[in-house]
Amino acid sequence: MSETSEKLLYVISAKKELAWLSFKETFDYLYNLETGVKEENTDKDGIKNKRLQAIRALDSLGHCDFNFSDDSSKNKVYAAPPVLVRLPCTGFPQAILAGARSPNTIQQLSNACQSVGHHIKLEVTEQSSELGLIPKRVAVQAEDVSELQAIGNSLKIPFMETPSAWSLLNFAASIDDYLATLEWYNYTELNWQSKTFDPISLQFQSIKETDCPLRLSQYSHPSRNTKVYYLWQDAKCAEIDLDWGRYAILKALRRNVLIYDKRRFTMAVPASANLPRLLERALTLCSGYAPKYEKMPRVLPPIQGFNLFTAVPPQIAEMTAAKLGQTLLQQSLSIT
């Protein structure tokens with residue numbers, strides 16, 4: 001990866017907020033620049049998928065917040081304020097840099113580390129090569145928490161002594177909390193093109209019935225190229241967030257799909273059943289690395305691909321699963 005990987009966050013940080021169309025145009029331009037593909041030769045579906053990957057990664061790493069609504073003209077991307085986020089690791093205290101960033105930020109952080117002590121370790125590493133335009137992981141290791149606080153004070157940015165992974169998990173709703181907020185209506189079936197979530201493959205398919213008392217349906221708007229999701233129970237339905245909707249179905253069937261390797265502190269989440277935003281951010285901020293996609297067809301057939309979160313302590317893995325009504329599957333996640 002070249003320095004282009006930093007430039008998307010630089011632009012968002014400089015603007016502080018971007019309309020969705022401006023973000024889309026900026027991403028597409030920088031992605032084509034990174035890959036050397038001319039605009040007229042761009043694979044539209046391919047770049048759309050990369051754009052969606054970047055959105056989730058920037059959100060889960062705490063760099064940006066995304067606000068999407070039914071009115072696409074009001075969709076916005078916001079740069080999060082810069083902050084030093086403590087990691088929930090053992091040993092010497094560590095923190096990563098999250099939020100807005102400029103071309104001078106890493107050098108300024110390096111200078112602040114040196115001013116506190118020459119033993120302070122600053123580590124700058126690339127994210128996974130499969131993730132386009134995701135900024136580098138910037139981590140600081142000190143001998144005492146007070147030194148991390150001093151570095152934050154020097155830069156005039158907050159240092160969060162309590163690891164954000166814990167704070168987010170304690171703040172995040174559970175699946176039961178979320179379902180209690182749904183508004184149920186007696187609607188007839190929409191006459192739009194639709195698919196039903198299959199809890200075995202974790203894919204939306206052209207089926208109408210499953211063995212679950214709940215049904216999660218995906219409807220495609222006939223003219224807007226957008227999708228909406230409804231949870232059905234008997235003759236009632238409620239509009240639902242996709243990420244929560246899938247786990248509502250899995251909870252109803254007691255189907256466990258979250259895997260944890262306690263020897264490697266690695267948690268595997270099916271790529272076709274992404275975690276709700278706050279829970280995904282909590283796991284990502286255990287390490288400061290965006291989750292890496294791996295095909296593991298033998299781990300939990302017929303699920304093919306998983307997103308792997310690293311450096312996840314057992315208590316955080318268990319609490320995340322419990323929030324979703326899941327029981328962790330303890331299994332080795334050796335990648336060969």
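**Helix packing and cores in a predicted model**

I start with a helix pair: Gln108, Leu109, Ala112, Cys113, Ser115 and Val116 in H4 meet Glu147, Ala150, Ile151, Ser154 and Leu155 in H5. Contact here means heavy atoms within 4.5 Å. Helices are DSSP runs of H or I with at least four residues, strands are runs of E with at least two, and both are numbered from the N terminus.

Some ground rules. This is a predicted model, in which local features need pLDDT of at least 70 and side-chain atom pairs count only at pLDDT 80 or more, while totals for chains, interfaces and linings use all residues. Residues are numbered from 1 along each chain as its sequence is written, and side-chain values use heavy atoms, with hydrogens and water left out.

Back to the pair. H4 covers residues 105-116 and H5 covers residues 145-155; they pack at an angle of about 130°, with axes 9 Å apart. That angle makes H4 oblique to H5 (under 35 degrees is roughly parallel, over 145 roughly antiparallel, 65 to 115 roughly perpendicular, and the rest oblique). Axes are lines fitted to C-alpha atoms, for helices over the stretch in contact, and angles run from 0 to 180 degrees between N-to-C directions.

Next, helix H10, residues 314-323. Which of its residues are buried? They are Ile316, Ala317, Thr320, Ala321 and Lys323. Buried means under 20% relative accessible area, exposed over 50%, and partly exposed in between, with a 1.4 Å probe and protein chains only. Seen down the axis of H10, the buried residues fall within an arc of 160°, so they line one face of the helix; the arc is taken from the directions from the helix axis to the C-beta atoms. Their cover includes helices H6, H7, H8 and H9 and strands S14 and S15. Just after H10, Gly325 takes a positive phi of about 70°.

Now the cores. A nonpolar core is a set of buried Ala, Val, Leu, Ile, Met, Phe, Trp, Tyr and Cys residues joined through side-chain atoms within 4.5 Å. The largest one has 56 residues, and Tyr247, Leu258, Phe306 and Val312 have the most contacts inside it. H8 gives the largest share of this core, five residues. Not counting residues up to four places away in sequence, Leu258 touches, among others, Tyr247, Met267, Ala321 and Leu324.

Last, Asn256, in the loop between H8 and S14. Asn256 counts as partly exposed, because its relative accessibility is 23%. Leaving aside neighbours within four places in sequence, Asn256 is in contact with Leu300, Gly325, Gln326, Thr327 and Leu329.
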